[in-house]
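This report covers selected parts of one model: a sheet, a helix and a loop residue. The sequence and structure are shown first.

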Amino acid sequence: MDKLFIFDTTLRDGEQVPGCQLNTIEKIEIAKVLEELGVDVIEAGFPISSPGDFTSVEAISKTVTKPTICALTRAVEKDIEVAAEALKYAKKKRIHTGIGTSDFHIKYKFNSTREEIIKRAVAATTYAKKFVEDVEFYAEDAGRTDNEYLAQVVQAVVNAGATVINIPDTTGYCLPTEYGEKIKYLIDHVDMKNAILSTHCHQDLGMATANSLMGVINGARQVEVTINGIGERAGNTSLEEVVMAIKSHKELGIDTNINTKKLYPVSKMVSSLMNMPVQPNKAIVGRNAFAHSSGIHQDGVLKNLSTYEIIDPKEVGIDDNAIVLTARSGRHALKSRLNTLGIKVEANELANIYERFLELADKKKDINDDDLLILVGKEPNESSRIKLDYLQVTSGKGIKNTAIVTLDVAGEKFTSTSFGNGPVDAAINTVREILKKQMTIHEFLIQAINKGSDNLGKVHMQVEYKGKNYYGFSANTDIVTASVEAYIDAINKFTI
């Protein structure tokens, strides 16, 4: 198997996203998990850009020992000197220097010529070699650089001692075939000596992963990536997508050092520290990556995982796939989940439960295990002496919180109205008003079963009556109703 080197730039290119800046302690924390993940190179920062970046590169160099620690520079001697200083404690160190090579950059950014750019590229590479053996050169905007000139640049810096040549599709412009052909052209027209080509693709047109893979297929042996694909504008190539694509296609004959079972935990950590939520439909690590809500898909997956899954979720650190129960789920999925929860149901019972399941599913976006346990055990207790027959609350800013409650007490209906500090308080005060008994609430716990405004809320309540404590419970998508029902459930456990 050919070795594919994973170059992670989460701490440099990834951190350039507005609002995602990290302090040194957070960067060290991420660097440590990247080391555990098995990345080969960590681009720790751009030392000349700020004292904070310099400190972070230096601190990571002291802390992390297995991966190569890389520092970015421009093709400027001072940049290179500062990078070398920041890397002085690194066990394995690399300076990443370079310059723009497209006509757009040469004309508008540098006001220079192609010949002068090659001279600057060689000078920067040669100067960096005075400080470190491992020098990576980037040809910025290589994606829009014509292949013949790009080959001249690459040959010149390889001759000057560059060990890795980065071919960035800086603007995310290339089509996958175009980028793959660019890498192949360089392989065929440059004497690479012992150097390797690296991909660095952006997501502006949504093709970063495809471009990177085409680069690898055509001879690149390093990919530059970020966790969750974070990065400037639309982002960088996603580490987890490239790694799992390579792992899934063993026919490519390529392997990485990545411990894929750590992908999901690392993704969650980076998302949290950088305040960058992962989109639910994100490949590999998104919340819905292994979720099945369609009845047809659920039926297929329950019969054989390979019908709709090409990756075992455990391989990326997720415990299991998710059969997400929704109004589109069938009886097979419902029964399977109940069996997993240890609930065995007969066909006639399943039909009844399924009807109630659909009623709840129409109110909620998805149904989880707690919902099901409540659903199955929620048959109305006909022996209950007191039942909630009607509830209406009025609440809001600037108005009195008012509740109208009708209770069925042993078959007789009683209605009353009361006020409170909020809708729940008003409703419970009204129940007290009807029953004319002194009951004290000692514990009142409201718990949302899952995230979202359509939660099924659970209410646990401890009520004291005549020196004894009684516990009530209920669940409902309406939290006021759940609170009143839990209160009545506790009351039904003592004789009034």
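## Sheet

In this predicted model, residue A403 has S418 of β15 as its bridge partner. The strands β14 (residues 401-409) and β15 are paired in the antiparallel sense, with 9 bridges.

The open sheet consists of 3 strands in the order β13-β14-β15, and the pairing is antiparallel. β13 (386-394) and β15 (412-420) are the edge strands; each has a single partner strand, so one side of each lacks a neighbour in the sheet. From one strand to the next, the twist averages 20°. Helix α16 (residues 479-491) packs on this sheet and touches β13 and β14. The direction of α16 makes about 150° with that of β13.

## Helix α9

Helix α9 spans residues 239-248 and is mostly covered, with 8 of its 10 residues buried. The buried residues are L239, E240, E241, V242, V243, M244, A245 and I246.

These buried residues pack against helices α1 (24-37), α8 (208-217) and α10 (263-273). They also pack against strands β2 (5-8), β9 (222-225) and β10 (254-255).

## Residue Q21

Q21 lies in the loop between β2 and α1. Is Q21 buried, partly exposed or exposed? Its relative accessible area is 47%, so Q21 is partly exposed.

Apart from neighbours within four places in sequence, Q21 contacts E15, Q16 and E26. Its side chain reaches the backbone oxygen of E15 at 3.1 Å and that of V17 at 3.2 Å. Between Q21 and N275 the C-alpha to C-alpha distance is 9.3 Å, with the two 254 residues apart in sequence.

Notes
Residues are numbered from 1 along each chain as its sequence is written. This is a predicted model: local features need pLDDT of at least 70, side-chain atom pairs count only at pLDDT 80 or more; totals for chains, interfaces and linings use all residues. Side-chain values use heavy atoms; hydrogens and water are left out. Two strands pair if DSSP finds at least two bridges between them. Helices (H or I, at least four residues) and strands (E, at least two) are DSSP runs, numbered from the N terminus. Axes are lines fitted to C-alpha atoms, for helices over the stretch in contact, and angles run from 0 to 180 degrees between N-to-C directions. Contact means heavy atoms within 4.5 Å. Buried means under 20% relative accessible area, exposed over 50%, partly exposed in between (1.4 Å probe, protein chains only). A polar contact is a pair of N or O atoms within 3.5 Å; within protein, one must be able to donate a hydrogen and the other to accept it, and residues adjacent in sequence count only if both atoms are side-chain atoms.
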